Protein chains: 6
Amino acid sequence: MSAAYVTRREHFSAAHRLHNPAWDEGKNERVFDKCNNAAGHGHNYILDVTVAGQIDPDTGYVIDVKLLSRIIHERVLDKVDHKHLNVDVDFMRGLNPTVENIAVGIWNELQPHIPAGKLYRIVLHETEKNSVEYMGE
Amino acid sequence: MSAAYVTRREHFSAAHRLHNPAWDEGKNERVFDKCNNAAGHGHNYILDVTVAGQIDPDTGYVIDVKLLSRIIHERVLDKVDHKHLNVDVDFMRGLNPTVENIAVGIWNELQPHIPAGKLYRIVLHETEKNSVEYMGE
Amino acid sequence: MSAAYVTRREHFSAAHRLHNPAWDEGKNERVFDKCNNAAGHGHNYILDVTVAGQIDPDTGYVIDVKLLSRIIHERVLDKVDHKHLNVDVDFMRGLNPTVENIAVGIWNELQPHIPAGKLYRIVLHETEKNSVEYMGE
Amino acid sequence: MSAAYVTRREHFSAAHRLHNPAWDEGKNERVFDKCNNAAGHGHNYILDVTVAGQIDPDTGYVIDVKLLSRIIHERVLDKVDHKHLNVDVDFMRGLNPTVENIAVGIWNELQPHIPAGKLYRIVLHETEKNSVEYMGE
Amino acid sequence: MSAAYVTRREHFSAAHRLHNPAWDEGKNERVFDKCNNAAGHGHNYILDVTVAGQIDPDTGYVIDVKLLSRIIHERVLDKVDHKHLNVDVDFMRGLNPTVENIAVGIWNELQPHIPAGKLYRIVLHETEKNSVEYMGE
Amino acid sequence: MSAAYVTRREHFSAAHRLHNPAWDEGKNERVFDKCNNAAGHGHNYILDVTVAGQIDPDTGYVIDVKLLSRIIHERVLDKVDHKHLNVDVDFMRGLNPTVENIAVGIWNELQPHIPAGKLYRIVLHETEKNSVEYMGE
């Protein structure tokens with residue numbers, strides 16, 4: 001048997017605002033610059049979820065990507081797609097929605113629910129230029 | 001002399017909410033669905049601006065794309081990038097920020113300020129799946 | 001009111017074989033080369049469907065892209081996605097499934113069912129290198 | 001001397017059908033769904049082959065990518081491009097052509113023939129959404 | 001019979017320098033800025049060549065894209081790929097190698113040699129942000 | 001606290017020529033082939049710079065990507081963008097500008113100047129087909 005890493009790519013569109021409520025307005029503006037705009041802005045996020053495991057000799061799958069896609073939809077996309085990350089998303093409550101913090105939040109939502117193999121890596125792209133990789137540690 | 005069509009691609013990230021204030025909540029939800037989320041959502045927009053004209057024999061340019069980029073920044077990107085299109089943008093005031101209406105708004109902002117050739121086409125991509133083309137008529 | 005061109009991008013994966021039954025094997029091989037492989041080969045097709053029309057002042061839409069997507073699924077994708085184009089697809093019966101002929105077939109499937117604006121253009125990408133544009137004439 | 005990882009990207013187009021001959025039709029349909037279509041379907045596969053090694057001080061290369069490309073063509077692409085993976089490909093005989101199994105098959109074809117450095121990683125993209133990474137263990 | 005527009009995409013990598021020998025150094029620097037760097041710089045150009053014509057009922061082709069690719073290689077790519085456009089390319093002699101002028105040069109090289117349909121459009125991408133479209137008039 | 005890997009993507013366009021001055025012309029041509037063209041050729045390089053570190057609980061950042069971008073511009077892009085890598089770039093002096101050697105050079109320029117976290121990985125894409133990954137060892 002061989003181990004392989006299977007990746008499913010999904011998309012979501014969301015608004016957010018970078019802001020630390022412990023700081024005054026001036027510091028928020030200096031640190032977060034245009035990402036601090038009061039009414040928020042938004043992105044088309046690209047989410048790559050990688051599951052590592054043995055290839056099942058009966059199916060040839062590490063994990064059925066149709067099933068993986070359904071789990072990502074139920075656990076993550078239904079909560080974040082076409083939402084405002086500072087307002088509408090329970091698992092981001094009290095967190096500044098930087099791409100780092102969103103990736104950690106998504107990992108925590110998905111990790112207990114992977115039914116075959118184990119969650120290995122999340123890559124979250126906020127724009128064509130900015131992305132973050134998180135491996136759960 | 002030959003005519004050519006020069007395109008400059010730019011990017012901006014913005015939040016928006018699709019909503020018609022003349023309708024009640026139920027109708028807004030039925031028509032605009034998840035795009036009607038009260039707190040908004042957002043996108044990485046890709047904007048392609050095409051200028052048509054003769055190639056200048058001295059420069060080999062229809063228009064200097066560095067100049068075209070500067071005009072797009074001053075007239076459009078500085079107003080929409082990292083903004084909420086329903087709240088922060090003067091030229092979208094009173095308009096539902098569909099990709100169609102944003103494209104028309106951008107055309108109207110740019111058209112009087114093209115210094116060489118003439119504005120020929122705008123393509124605005126809202127997601128990898130949805131885009132609109134507008135040619136000013 | 002302003003006219004605009006709205007494009008929806010969809011994807012499908014299909015097998016096909018280029019073959020003219022009126023020709024002998026030798027001529028089929030000479031003309032279609034590796035695309036004539038008896039058991040077929042396949043592609044991830046990218047389909048761009050463009051609808052032209054006036055922007056509705058109540059919605060800001062030329063056509064609701066959610067509706068356009070549903071029509072493309074019902075009329076085209078449900079028939080071609082994960083299918084063999086020479087064997088499984090009624091509207092390709094008796095036609096050599098070149099990218100040109102598939103585009104014409106898709107146009108004919110969609111054209112009577114566009115509920116707002118009118119079908120303006122189809123672009124069908126067979127690979128990153130080969131595509132065809134068809135405008136119904 | 002420094003170690004680096006050099007990647008060559010290649011493309012191939014192939015048909016396949018997911019099917020386990022030890023199962024009846026009903027189970028094949030339930031498990032593999034539309035990927036079980038009897039006449040097959042197909043994809044444009046993207047293949048990334050990574051070789052790890054020291055940078056040769058005379059050439060500045062870990063491996064000449066022109067040579068790496070030639071090896072990938074001779075050992076893999078000539079066998080799979082414009083073919084049906086269930087029918088035409090010797091190294092997939094008796095294997096269900098999931099993206100996982102194809103990646104392992106390609107690794108085994110390439111691994112003995114890398115002339116400089118050593119084969120480090122294969123990434124095989126079946127669609128824009130589904131891919132697999134294999135590192136030979 | 002139906003008319004369609006078939007596009008073949010090809011790639012080449014070349015060096016160039018924007019410079020007008022009729023101007024002094026200061027003006028060249030002011031107008032062409034960093035594109036005027038004396039030793040040149042370079043790009044991965046993407047070339048889209050579109051041929052318009054009737055679909056041949058025997059082949060299902062407007063033009064065989066394998067043949068179109070061969071013509072683009074012989075007439076254009078063999079002359080410009082891995083070359084310096086100011087120094088090595090006969091059809092650019094005496095022309096400032098802006099993306100506009102290169103597109104016109106490529107059109108003139110290809111136009112007499114299209115064996116089926118007729119050359120309709122060239123799109124030449126110099127970077128992800130800058131491109132030009134030329135239709136021969 | 002959680003560790004994450006933040007990546008910033010940047011672009012530059014440069015000319016280069018592969019050449020080993022210790023070899024005669026014949027050997028240079030045999031080894032480097034069309035990359036040895038005397039006047040050089042060029043590419044649009046894509047540079048991915050990854051910084052690893054703990055997520056700062058006050059900002060939600062591993063590193064501010066605006067700051068990371070500024071460092072990449074000052075230390076690398078200002079030296080290589082729109083330049084000839086064999087002629088204009090101090091940190092490539094005496095090195096054959098293969099994608100491997102450029103990646104090592106960029107690493108050495110950036111590594112001492114990363115103000116938060118530490119430089120983890122550089123990926124440098126020379127074309128859509130050829131890239132190199134370097135992790136500093």
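Predicted model: local features only at pLDDT ≥ 70, side-chain atom pairs only at ≥ 80, totals over all residues.
## Ground rules

Residues are counted from 1 along each chain as its sequence is written, and chains are lettered from A in the order in which they are written. Local features need pLDDT of at least 70 and side-chain atom pairs count only at pLDDT 80 or more, while totals for chains, interfaces and linings use all residues; side-chain values use heavy atoms, with hydrogens and water left out.

## The overall contact

On chain A, 21 residues touch 20 residues of chain D, where contact means heavy atoms within 4.5 Å. Together the two chains bury about 1700 Å², with 46% of that on carbon and sulfur atoms. Buried area here is the accessible area (1.4 Å probe) lost on putting two parts together, summed over both.

## Salt bridges

How many salt bridges does the rule find across the interface of chain A and chain D? There are 3, each a side-chain nitrogen of Lys or Arg within 4 Å of a carboxyl oxygen of Asp or Glu. One salt bridge links the side chains of A:R121 and D:E133, at 2.9 Å from N to O.

## Strand meets strand

Now for the elements, which are DSSP runs (helices H or I, at least four residues; strands E, at least two) numbered from the N terminus. β1 (3-16) and α2 (65-80) of chain A each give two or more residues to the side that touches chain D. The largest share, 9 residues, comes from β1(A).

β1(A) also runs antiparallel to β5 (residues 130-134) of chain D, joined by 4 bridges; strands pair if DSSP finds at least two bridges between them. In this pairing, A:V6 sits opposite D:V132.
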